[in-house]
Amino acid sequence: MNESDQLDPSTHHEATLLPWYLTDTLDRQEKQDVETHLPNCERCQIELDEMKRTRAAVKASINEQTGPSSVVFEQVMARIREEQSSAETTIQRKSHTGPNLLKQIQAWIQSLFTVPWVPVLATIVIVGQSALLMTNLGNNQTLPDWEPVVPRGIPQAPSPSESHHIHIIFTETATQSEIQGLLQLIHAQIIRGPSLDGAYVLKISTNDLTPIEASLETLLAQPTIVRSATPANE
Amino acid sequence: MTTTDVHDRSDQDLTSEAGQGDEEAFQALYHRYEKRIFQYLISMLGDPTLTEETMVEVMVAVWKNAGKFRGDSKVSTWIFGIAHHKGIDAIRRVSSHRQSSVSLDDAEETVDVGDSPEDHVQQKGLAKLTTQAMKDLSPDHREVLHLAFFEELPYQEISSLLNIPMNTVKTRVFYAKQQLKGHMHALGFSETML
Ligand SMILES: [Zn+2]
């Protein structure tokens, strides 16, 4: 993402702490490190001075922004009410069976993958069953005349006309929130996995025309979260 | 519903009440955060119209997901996290549309090459000059400067909000500040303005 974020190797570590020294948000040890270093380093003193001025300028610039117009609030409330009434309609229609029910099961299964990152062992059991379900039910389905709504859920990825798939293995140290954040960033959902070697299959919505290479690049730029990521042919 | 005035209730309480469908609580939460989220998104996106559109998406997502908020982080971190993701979505949408990275150029705001930089600075003042210089930074750089300098978030919190390593936060802020300084000087900024 930001190859340019490499620093000149001669930059003092303390210099990179200065923004938080200014806002007094360093822990005690780091604050002490900065305070010990500063009197002996002219370069960092200059840096601190510049940092102060730049920060004042940035704050002045942001403070010029007074806030959104009231139209935003009206639109938000209109959307909320719209969603509420459509959720109610959906519940009324829930008594239908057939493909709609299957679609709901599928949505429910997928929500397991996108929302809470269930511990891997528990996932294996669920995934084993759900992978079967999805392969059996997921293909060649005609869209129902209404979309199942999971009321008040995390917004599901839009149904794209086309999608990419990626084989991915996460590192052992990757946390739930790291993985979730990364998947949201590239608009991906886990649709299958883990395999015996711990690989998952991601589906990436491509309605924004992001090339798969860009998604792979984003994933591979996070070596602390992603061990490997390769395109998968689905 | 408690009898306490909504404005006296904590973010946590408002979020949990909004999660149960309490519109009044949601509205109080909305008004508590509207300015900060708008300022954050406009730092990231630059364009006021795109910012307002994105803000609608953020706040609708806050409403929809309030019931799932478990209090593992501060409410503010949670809301800023949603805004971060929606902001990235907006940048992607705009970039794919324009076939280039998000351009914040605004004909009206573009520096008139006929003016000397000194004239330009005097006309616009420090805040305007900084706004102009910020437009030449990448969205990533504008975003970290906003979070570190304006929201005054510790680097640990920025790291978890943006889902990037802590060292990347430190180097990114450092580098963004260097870039911004360069752009400000190019626009005629001098140290005497502060
Ligand atoms: Zn130094």
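This is a predicted model: local features need pLDDT of at least 70, side-chain atom pairs count only at pLDDT 80 or more; totals for chains, interfaces and linings use all residues.
Figure 1. A:D49 and A:R53 both belong to helix α3 of chain A, which spans residues 42-63, and they are placed 4 residues apart, about one turn of the helix. Their side chains meet in a salt bridge with an N to O distance of 3.2 Å. A:D49 has a relative accessibility of 36% and therefore counts as partly exposed, the range for this class running between 20% and 50%. A:R53, at 26% relative accessibility, likewise counts as partly exposed.

**Figure 2. A salt bridge between B:E152 and A:R55.** In this view the side chains of B:E152 and A:R55 come together in a salt bridge, with 2.6 Å from N to O. B:E152 lies in the loop between α6 and α7 of chain B, whereas A:R55 lies in helix α3 of chain A, so the pair joins two chains. B:E152 is partly exposed, with a relative accessible area of 29%. A:R55, with a relative accessible area of 14%, is buried, because the cut-off for that class is under 20%.

Figure 3. B:E157 forms a salt bridge with B:K74, and the closest N and O atoms of the two are 3.7 Å apart. This pair links distant parts of the chain, since B:E157 is in helix α7 of chain B and B:K74 is in the loop between α3 and α4 of chain B, 83 residues apart. At 17% relative accessibility B:E157 counts as buried, while B:K74, at 48%, counts as partly exposed. Elsewhere, salt bridges that share partners join A:E47, A:E50, B:K177 and B:K181 into one network. Over all chains, a search of the whole structure finds 15 salt bridges.

**Figure 4. The contact between chain B and chain A.** The contact takes 65 residues from chain B and 64 residues from chain A, and the area buried between the two chains is about 6000 Å², with carbon and sulfur atoms giving 60% of that area. B:R92, B:F149 and B:F174 supply 13% of the area that chain B buries against chain A, which is more than any other three residues.

**Figure 5. Polar and charged pairs across the interface, and the elements of chain B that take part.** Across the interface of chain B and chain A, 9 salt bridges are found, and one of the salt bridges in the model is formed by the side chains of A:R79 and B:E57, at 3.1 Å from N to O. Between chain B and chain A, 17 residue pairs are in polar contact. The elements giving two or more residues to the side of chain B that touches chain A include α1 (11-19), α2 (23-45), α4 (75-98) and α8 (166-186) of chain B. The largest share of this side, 12 residues, comes from α8(B). By class, the side of chain B that touches chain A has 30 nonpolar, 17 polar and 18 charged residues.

Figure 6. A:E217 is found in helix α8 of chain A, which covers residues 212-220. A:E217 and A:A229 are 12 residues apart in sequence, and their C-alpha atoms are 9.1 Å apart in space.

Note on methods: Residues are numbered from 1 along each chain as its sequence is written. Chains are lettered from A and ligands numbered from 1 in the order in which they are written. Side-chain values use heavy atoms; hydrogens and water are left out. Contact means heavy atoms within 4.5 Å. Buried area is the accessible area (1.4 Å probe) that two parts lose on being put together, summed over both. A salt bridge is a side-chain nitrogen of Lys or Arg within 4 Å of a carboxyl oxygen of Asp or Glu. A polar contact is a pair of N or O atoms within 3.5 Å; within protein, one must be able to donate a hydrogen and the other to accept it, and residues adjacent in sequence count only if both atoms are side-chain atoms. Ala, Val, Leu, Ile, Met, Phe, Trp, Tyr, Cys and Pro count as nonpolar, Asp, Glu, Lys and Arg as charged, and the others, Gly among them, as polar. Buried means under 20% relative accessible area, exposed over 50%, partly exposed in between (1.4 Å probe, protein chains only).
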